[in-house]
Amino acid sequence: MRLAPRKRAVLVLRFYEQHAEVETAAVLGCSPNTVKSRTRHALNRLRELAPELAATFEREAATS
């Protein structure tokens, strides 16, 4: 809950629901580049707040 709503949304769509960047962008009403940027910022923030969770997301990103 300490992540901003848009950052949470992009992580949920990308990693839990396994949407592609283009699909995530369509759901959020933004460009794929914005999805990339929000994902990067969300992961950086998550590394600060909960490093163990960030590691999980990073492993999933590496395999997709």
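Analyst: Contact means heavy atoms within 4.5 Å. By that criterion, tyrosine 16 touches Leu11 and Phe57, leaving out residues up to four places away in sequence. The model is predicted, so local features require pLDDT of at least 70 and side-chain atom pairs pLDDT 80 or more, while totals for chains, interfaces and linings use all residues. Residues are numbered from 1 along each chain as its sequence is written, and side-chain values use heavy atoms, without hydrogens or water.

User: Why is tyrosine 16 called exposed?

Analyst: The relative accessibility of tyrosine 16 is 60%. Buried means under 20% relative accessible area, exposed over 50%, and partly exposed in between, with a 1.4 Å probe and protein chains only. Tyrosine 16 therefore counts as exposed. This residue lies in helix H1, and its C-alpha atom is separated by 9.2 Å from that of phenylalanine 57, 41 residues apart along the chain.

User: What makes the fold a run of helices, and how many strands does the protein chain have?

Analyst: The protein chain has 4 helices and 0 strands. Helices (H or I, at least four residues) and strands (E, at least two) are DSSP runs, numbered from the N terminus. From that terminus on, the elements read α-α-α-α.

User: Why are H2 and H3 described as roughly perpendicular?

Analyst: The axes of helix H2 (residues 21-28) and helix H3 (residues 32-49) come within 8 Å and cross at roughly 95°. Axes are lines fitted to C-alpha atoms, for helices over the stretch in contact, and angles run from 0 to 180 degrees between N-to-C directions. Angles under 35 degrees count as roughly parallel, over 145 as roughly antiparallel, 65 to 115 as roughly perpendicular and the rest as oblique. H2 and H3 are therefore roughly perpendicular to each other. On the H2 side the contact involves Glu21, Val22, Thr24, Ala25 and Leu28, and on the H3 side Pro32, Val35, Lys36 and Arg38. These residues divide into 5 nonpolar, 1 polar and 3 charged, where Ala, Val, Leu, Ile, Met, Phe, Trp, Tyr, Cys and Pro count as nonpolar, Asp, Glu, Lys and Arg as charged, and the others, Gly among them, as polar.

User: How do you know which description applies to H1 and H3?

Analyst: H1 and H3 pack at an angle of about 105°, with their axes 9 Å apart. That angle makes H1 roughly perpendicular to H3. H1 contributes Arg6, Lys7, Val10, Leu11, Arg14 and Phe15 to the contact, and H3 contributes Val35, Arg38, Thr39, His41, Ala42, Leu43, Arg45 and Leu46. By class, there are 7 nonpolar, 2 polar and 5 charged residues.

User: What makes up the largest nonpolar core?

Analyst: A nonpolar core is a set of buried Ala, Val, Leu, Ile, Met, Phe, Trp, Tyr and Cys residues joined through side-chain atoms within 4.5 Å. The largest one here has 12 residues: Leu3, Val10, Leu11, Phe15, Ala25, Val35, Ala42, Leu43, Leu46, Ala50, Ala54 and Phe57. Helix H1 (5-16), H3 and helix H4 (51-63) are the elements that give two or more residues to this core, and H3 supplies the largest share, 4 residues.

User: Why does alanine 54 count as buried?

Analyst: Alanine 54 has a relative accessible area of 0% and is therefore buried. This residue lies in helix H4. Beyond four places in sequence, alanine 54 is in contact with Leu43, Leu46 and Arg47; its C-alpha is 6.1 Å from that of leucine 43, 11 residues apart in sequence.

User: Is threonine 24 buried or exposed?

Analyst: Threonine 24 has 0% relative accessibility and so counts as buried. It is found in helix H2 and touches Val10, Leu13, Arg14, His19 and Val35, not counting residues up to four places away in sequence.

User: What makes serine 31 partly exposed?

Analyst: Serine 31 has 33% relative accessibility and therefore counts as partly exposed. Its place is in the loop between H2 and H3.
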